[in-house]
Amino acid sequence: MKHTLLLFFLILACLCSGFSHADKHQDKLLCAITEVIDCGRLGECVLLLPEQANLPDFITIDLKSNKITGHDRDHSEEIRHEKTVDNNIILKGVSGNGRGWSLLISDDRATISGAAVGDEYTFSFFGACKPH
């Protein structure tokens, strides 16, 4: 477990390093999903690894082509709505499996947080990003 935490923080540090304020208007970001919380209809929640929630470890967010692509699979999601509020970018879409999703990219483009919602469950996820 200690090695897993060390590896997590090492990856997080690598992703965040080299990110400068000049990169604020990047059209493409590489993001690592670092934490997933799965909650059921009755309020029970569990902390999961991304693969346990069927989410990729890394995603590329391409704001120019309106796509989010997972690195460990040949699948992409279309960004159906994009809005900037207080320099945060908010993205929304619908997954092919009937889930709705929403994602917020922080104003410094260094972090993401989002949610996927299904019939009787939700996934909240968090991550770190760098220009790609």
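How much accessible surface does the chain have, and what share of that surface belongs to carbon and sulfur atoms? I looked this up before anything else. The accessible surface comes to about 8100 Å². Carbon and sulfur atoms hold 56% of that. I keep in mind that this is a predicted model.

**Entry: the whole chain**

I went through the secondary structure next. I read the order along the sequence as α-β-β-β-β-β-β-β-β-β-β.

I then checked burial. The chain has 132 residues, and 34% of them count as buried. I also looked at contacts between residues at least 6 apart in sequence. Of these, 40% join residues at least 24 apart.

**Entry: the disulfides**

How many disulfides are in the whole structure? My search gave two. I noted the pattern as 1-4, 2-3, counting bonded cysteines along the chain.

I took C31 and C129 to begin with. A disulfide joins them, with 2.1 Å from S to S. This link ties distant parts of the chain together, as its cysteines are 98 residues apart. C31 sits in strand β1, residues 28-40. C129 sits in strand β10, residues 121-131. The link is right-handed, with 105 degrees about the S-S bond.

Is C31 buried or exposed? C31 has 0% relative accessibility, so I wrote it down as buried. C129 has a relative accessible area of 1% and is buried too.

I moved on to C39 and C45. Their sulfur atoms are 2.0 Å apart, and the two form a disulfide. Why do I call this disulfide right-handed? The torsion about its S-S bond is about 110 degrees, so it gets that label.

I checked the cover on each end of this bond. C39 has 18% relative accessibility. The cut-off for buried is under 20%, so C39 counts as buried. C45 has a relative accessible area of 43%, which makes it partly exposed.

I followed β7 along its length. In a regular strand the side chains alternate between the two faces of the sheet. I looked for the two faces here. The covered face of β7 has I89, L91 and G93. The uncovered face has N88, I90, K92 and V94.

Which strands does β7 pair with? On one count, β6 pairs with β7 in the antiparallel sense, over five bridges. K83 has its bridge partner in β7, and that partner is I90. I90 belongs to the uncovered face.

On another count, β8 is joined to β7 by six bridges, and these strands also run antiparallel. I89 has its bridge partner in β8, namely I105. I89 belongs to the covered face.

β6 and β7 form a hairpin with two residues between them. D86 in that turn has a positive phi of about 50 degrees. The hairpin of β7 and β8 has five residues between the strands. There, G98 takes a positive phi near 90 degrees.

**Entry: positive phi in loops**

Where does N87 lie? I found N87 in the loop between β6 (81-85) and β7 (88-94). N87 is not a glycine, yet its phi is positive, about 70 degrees. Its relative accessibility is 43%, so N87 counts as partly exposed.

R109 was my next stop. R109 lies in the loop between β8 (100-105) and β9 (111-117). Phi of R109 is near 60 degrees, again a positive value in a residue other than glycine. Is R109 buried or exposed? R109 is buried, because its relative accessibility is 6%.

**Entry: aromatic rings**

A pair of aromatic rings is described by the distance of the centres and the angle of the planes. How many aromatic pairs does the whole structure hold? The search finds one. The pair is Y121 with F123. I noted 5.6 Å centre to centre and 65 degrees between the planes. An angle over 60 counts as edge-to-face, so the pair takes that name.

I checked the cover on both rings' residues. Y121 has 28% relative accessibility and counts as partly exposed. F123, at 7%, counts as buried.

Conventions:
Residues numbered from 1 in each chain as written. Predicted model: local features only at pLDDT ≥ 70, side-chain atom pairs only at ≥ 80, totals over all residues. Heavy atoms only, no water. Helix = DSSP H or I, 4+ residues; strand = E, 2+ residues; numbered from the N terminus. Buried < 20%, exposed > 50% of the residue type's maximum accessible area, 1.4 Å probe, protein only. Disulfide = S-S within 2.5 Å. Contact = heavy atoms within 4.5 Å. Areas by Shrake-Rupley, 256 points an atom, 1.4 Å probe, with all protein chains shown as cover. Phe/Tyr/Trp six-rings, centres within 6.5 Å; stacked < 30°, edge-to-face > 60°. Pairing = 2+ DSSP bridges.
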